Amino acid sequence: MRRVVLRLCTLRKGLLTPVRGLTQGSQNPEKERVFHVHEVRGKLREIVGASTNWSDHVKAMEERKLLQGFLAKSQEGLPPRRMKDSYIEVLLPLGSEPALREKYLTVQNTVRFGRILEDLDSLGVLICYMHTKICSTEMSPLSIVTALVDKIDMCKKSLSPEHDIKFSGHVSWVGKTSMEVKMQMFQSQGNGFCPVLNATFVMVARDSANKRSAFVNPLIPEGLEEEELFRQGELNKGRRVAFNSMSLLKMAPSAKERTTIHEMFLSTLDPKTISFQSRVLPPNAVWMEDSKLKSLEVCHPQERNIFNRIFGGFLMRKAYELGWATACNFGGSRPFVVTVDDIMFQKPVDVGSLLFLSSQVCFTQGKYIQVRVHSEVASLQNKEHTTTNVFHFTFMSEKDVPLVFPRTYGESMLYLDGQRHFNSMSVPVTVPKEYRVGP
């Protein structure tokens, strides 16, 4: 995946090339057209038969249960698909539609990245429905949801709210019930489009009632480049399994990591006393606990998805904006997002929930700020809090930022986890001065 990311981010100026020419030879005219961004959510509602009125949502979900009979008993009973079968393009006409531009505009006249996250989430779901389309029924019996945002890498390009944006993407790997989706974002410049962003999402298919897993169509790669993409999908799956098995929630830190934490601890001891309890900060450093910001969201029906749970893109936008504010407050300047990775959707968020978001800086290096945002919902009956998501964002400040120091063992684990996510970046980048991706 790393080579693919680097290749996409170094495409020549003015080039808009769908990877491997996926649209060539397509027999479906709908796939050849470019969707308007507003059409994506409407198309998804048509595919699943979702109601546009909250008062009818229960009836609509009951009707979806009648589609259970269209579900395959095994993957072998489904026709294989090609990558170009799921390829679609979506236009975000910021330059030609001023009214739409307002929704994406920041006070610095840049593009709100949180809105881009919402669009990517919707696009990823639609791509998967293109891959699993059943000709015998207009509505899909599958409930496709986002399981993981594996990686979003930003290229060294500015995002202007006065130029159109185009998204493209397709399914790049398939398991039994899961699909990896690769998406790119381009912005118009001159007579063409320049690459801005590369994203990899993992989606899962569930039955009509969204209760259990469901099989998806197998994928047949065509040509060497598609075979390489598919192979990278397999490697990505293995990498995620390995990364999860090495989680600090399961295994102790490595010897090198333990040494790092111990050296940081020793550097905070007060030399005037002979005590492990007396702690002082080194110069140009901040205690991790002092970097926290928190927020609360009441989850209204307006933010629901097509399955009447809270839209995953909304959760990402709110987490990103809190993370951006945390990095801004910590670094003393407006930061730029560099990478988003490893966003795991652990539990769905119901409409009406109280969503608690907690953000803190967990690692810094030079101008880089690694921010972790934790989200949870509270049960109104027993007051228990349940984790729904953990978000990881890498920002870059305009100037060098203070070091962040853990005070407790738990904070030390957060520090090491942040360091691991920072080190997983494709390539540390130097963002030009004109580069701006706003909150």
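Predicted model: local features only at pLDDT ≥ 70, side-chain atom pairs only at ≥ 80, totals over all residues.
Residues are numbered from 1 along each chain as its sequence is written, and side-chain values use heavy atoms, with hydrogens and water left out.

Let's start with the big picture. The protein has 10 helices and 13 strands; helices here are DSSP runs of H or I with at least four residues, strands are runs of E with at least two, and both are numbered from the N terminus. Of its 439 residues, 55% count as buried. Buried means under 20% relative accessible area, exposed means over 50%, and partly exposed is in between, using a 1.4 Å probe and protein chains only.

Now the sheet. 11 strands form an open sheet with mixed pairing, in the order β1-β2-β4-β5-β6-β3-β9-β12-β11-β10-β8. Two strands pair if DSSP finds at least two bridges between them. At the edges stand β1 (34-36) and β8 (293-298), each with a single partner strand, so one side of each has no neighbour in the sheet. From one strand to the next, the twist averages 25°.

Let me zoom in on β12, residues 385-396. How many of its 12 residues are buried? Nine are, so this strand is largely enclosed by the rest of the structure. On one side, β9 (residues 336-345) runs antiparallel to β12, joined by seven bridges, and F336 has M396 in β12 as its bridge partner. Then there's β11 (residues 368-378), which pairs with β12 in the antiparallel sense over 11 bridges. There, V377 stands opposite T386. Those two strands make a hairpin with six residues between them, and K383 in the turn has a positive phi of about 65°. Moving along, β10 (residues 354-365) pairs with β11, also antiparallel, over 10 bridges.

What about the helices lying across these strands? Helix α9 (residues 312-331) lies across β3, β6, β8, β9, β10, β11 and β12, at about 45° to β10. Helix α7 (residues 223-245) lies across several strands, including β4, and runs at about 80° to β4. For those angles, axes are lines fitted to C-alpha atoms, for helices over the stretch in contact, and angles run from 0 to 180 degrees between N-to-C directions.

On to our histidine. H421 sits in helix α10, residues 409-423. Is H421 buried or exposed? It counts as buried, because its relative accessibility is 2%. Leaving out residues up to four places away in sequence, H421 touches F243, D341, D342, Q370 and H392, where contact means heavy atoms within 4.5 Å. With D342 there's a side-chain polar contact of 3.0 Å. A polar contact is a pair of N or O atoms within 3.5 Å; within protein, one must be able to donate a hydrogen and the other to accept it, and residues adjacent in sequence count only if both atoms are side-chain atoms.
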